[in-house]
Amino acid sequence: MSVLRGRTHIRRAAAAVVCLAIGIAVLPSHARATAVTATPQAQCGPGARPETDIQGRVPTADYDSGRTKDGYQCNAEQVGHEGESGGFRVHRYVDAAGHECAYYDTTLLVGTQVLLGPNAGVAVLDMSDPTHPVRTATLTTPAMLSPHESVNLNQARGLLAAIDGSPATAPGVVDIYDVSGDCRTPVLKWSGPIGGAGHEATFAPDGKTLYTTATALKYVTALDVTNPSVPVPVWVSTDFMFHGMNVSDDGNRLYAADLGFHGLTIVDVSQIQQRVSNPQTPVVSRLTWSNVSIPQTALPITIGGHPYLVEIDEYSRGTSTAPDAPVGAARIIDIADDTAPVAISEMRLAVNDAENRAGPEEDDPGAADPTQGYAGHYCAVPQRADPGIVACSFIVSGLRVFDIHDPYRPKEVAYFNPPSRDVATAAGKASVASSLPSLSMCRLAVTATQSSSSDSSPSPADVLKSYPAAPFYGNTLTHWAMSAPTFVPSRNEVWYSDGMYGFYAVRLTNHVWSPDVAEPAPASAVVVTGPGLPRTG
């Protein structure tokens, strides 16, 4: 078998795995969306390259005119960039010597590591000069090659962990690294099949418990990682089908996006935190909302000492492209009485509204893909106490930043969507397409790769023209912002990744963010977090 033909078979197999996984992961069909109102849009100051249409829209006309190649920014500017692919998590850590590092997963889906080659895995970046991130390592143990949404960093102990995952689930190989010595060169402490089944994960804030979940199955595991070289399961439950999870500061509450219930579930995990034998985990409360789509994660915060959750749904209900399929977007939930949580406000864009989804935007590049499109995916906050802002990835609409000082009246204050780029050849397009979470993309990857690698037939002129849901408009890639961001308050920076464009360091400008606390000292204190960790710096 020739090397080229061997690669073709590998790519077809990877695409088939992706197709199967997506088929398993499809959620229930949509119901009619209730009327909602978009969050007040950002008012752009100097230096803006504003959107040309309604809030969050990247219209076809902008591709035709070349406007997308300038990107879109409002009260934000690019600081640095690295890579050409991204996934679901971005984290920051500063070690005791003052080295500043970023970590981000590069694979959207299981199987795509075959296509990304040496760039596959979790990227480790030296951020000593944020204008020129330098990759110092790529973590390629099994879970880091295909972590799906599970990459987590615990600041208190300097532990980086993930569980092998997919859009449905995968065998629960868990990888744990120590980044506390030199964050640029993580040290592997454990890699092995101890997590049951994987998709998502989170640390308890003290860094001694790692929770993992299968998402497509009722399967949640708690691992004691007090000794990260010898993790031990202390709780396995087949009662819950959880998506993203976060843990309260005291370790006693698990806030879970519940795909079995389709909403929020709060669980008492105090006996796990206390290491009680055979721990009991009663449900404290549950909450859903009329426009729920696919609950993604819920982040505990306080504003003026009052406890809330920032919750975000992904995609639309049932990943439907129908205009009246609810786009859940994001919301703030009051949990002062956690036995009776109340949703009090939402953060969404004009493009998420049903009326606009039924209009011209439905023909925009990327809008017709059920796992791309105009919808939310992840949010993160710079710290749990009085965060001031929340930054969210809204897929085609890019990175969006909201002011939440008044939790009842959030407002958008900034956004960033990077300049678009072209991928000219059919083989190049096939390689990109086969890494994406879409059934049409899977078919496209197989077809295009097979045709372009044939010895007897020329490369196809553009096989993507038959696939309107493709991540291209002509040769131009659309955007795929999916990651939970992280923050550098001392420099007013937000870091995130785009599935098609890689890692970005973005600075918020025009005084739209004035961090409420000073940045903690390196390593000996909590520095920066993504979802599931106590505070960022």
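The model is predicted, so local features need pLDDT of at least 70 and side-chain atom pairs count only at pLDDT 80 or more, while totals for chains, interfaces and linings use all residues. Residues are numbered from 1 along each chain as its sequence is written, and side-chain values use heavy atoms, with hydrogens and water left out.

**Stop 1: the disulfide at Cys379**

The torsion about the S-S bond of Cys379 and Cys392 is about 100 degrees, so the disulfide is right-handed. This pair links distant parts of the chain, 13 residues apart: Cys379 belongs to strand S23 and Cys392 to strand S24 (helices, H or I of at least four residues, and strands, E of at least two, are DSSP runs numbered from the N terminus). Cys392 is buried as well, at 0% relative accessibility.

**Stop 2**

Now select residues 389-393, which make up strand S24. How many of its five residues are buried? Five of the five are, so to speak a mostly covered strand. In a regular strand, side chains alternate between the two faces of the sheet. Here both faces are covered: Ile389, Ala391 and Ser393 are buried on one side, and Val390 and Cys392 are buried on the other.

Show residues 378-380 next, strand S23, which pairs with S24 in the antiparallel sense over three bridges (two strands pair if DSSP finds at least two bridges between them). Ala380 has Ala391 of S24 as its bridge partner.

Then show strand S25, residues 399-403, which runs antiparallel to S24 and is joined to it by five bridges.

**Stop 3: Arg348**

Go to the loop between strand S22 (342-347) and helix H6 (354-357) and pick Arg348. Is Arg348 buried or exposed? Its relative accessibility is 1%, so Arg348 counts as buried. Follow the side chain of Arg348 to two partners. One is the side chain of Glu346, with which it makes a polar contact at 2.9 Å (a pair of N or O atoms within 3.5 Å; within protein, one must be able to donate a hydrogen and the other to accept it, and residues adjacent in sequence count only if both atoms are side-chain atoms). Another is the backbone oxygen of Gly328, reached at 3.1 Å.

**Stop 4: the other disulfides**

The whole structure holds three disulfides. With the bonded cysteines of the chain numbered in sequence order, their pairing is 1-2, 3-4, 5-6.

Select Cys44 and Cys74, whose sulfur atoms are 2.2 Å apart in a disulfide. Their S-S torsion is about -120 degrees, so this disulfide is left-handed. Cys44 lies in the loop between helix H1 (3-25) and helix H2 (60-65), and Cys74 lies in strand S1 (residues 72-74), so the pair ties together parts that are 30 residues apart in sequence. Cys44 is partly exposed at 33% relative accessibility, whereas Cys74 is buried at 0%.

Move on to Cys101 and Cys183, a disulfide with its sulfur atoms 2.1 Å apart. The torsion about this S-S bond is about 75 degrees, so the disulfide is right-handed. Distant parts of the chain, 82 residues apart, are linked here: Cys101 is in strand S4 (residues 100-105), and Cys183 is in the loop between strand S9 (170-178) and strand S10 (187-198). Cys101 is buried, with a relative accessible area of 0%, and Cys183 is buried with a value of 0%.

**Stop 5: a four-stranded sheet**

Finish with the open sheet of four strands in the order S2-S31-S30-S29, paired antiparallel. Which strands stand at the edges? They are S2 (76-82) and S29 (486-488); each has a single partner strand, so one side of each is left without a neighbour in the sheet. From one strand to the next the twist averages 30 degrees (axes are lines fitted to C-alpha atoms, for helices over the stretch in contact, and angles run from 0 to 180 degrees between N-to-C directions).

Zoom in on S29 and strand S30 (residues 493-498), which run antiparallel and are joined by three bridges. Thr486 stands opposite Trp495 in S30.

Technical notes: Buried < 20%, exposed > 50% of the residue type's maximum accessible area, 1.4 Å probe, protein only. Disulfide = S-S within 2.5 Å.
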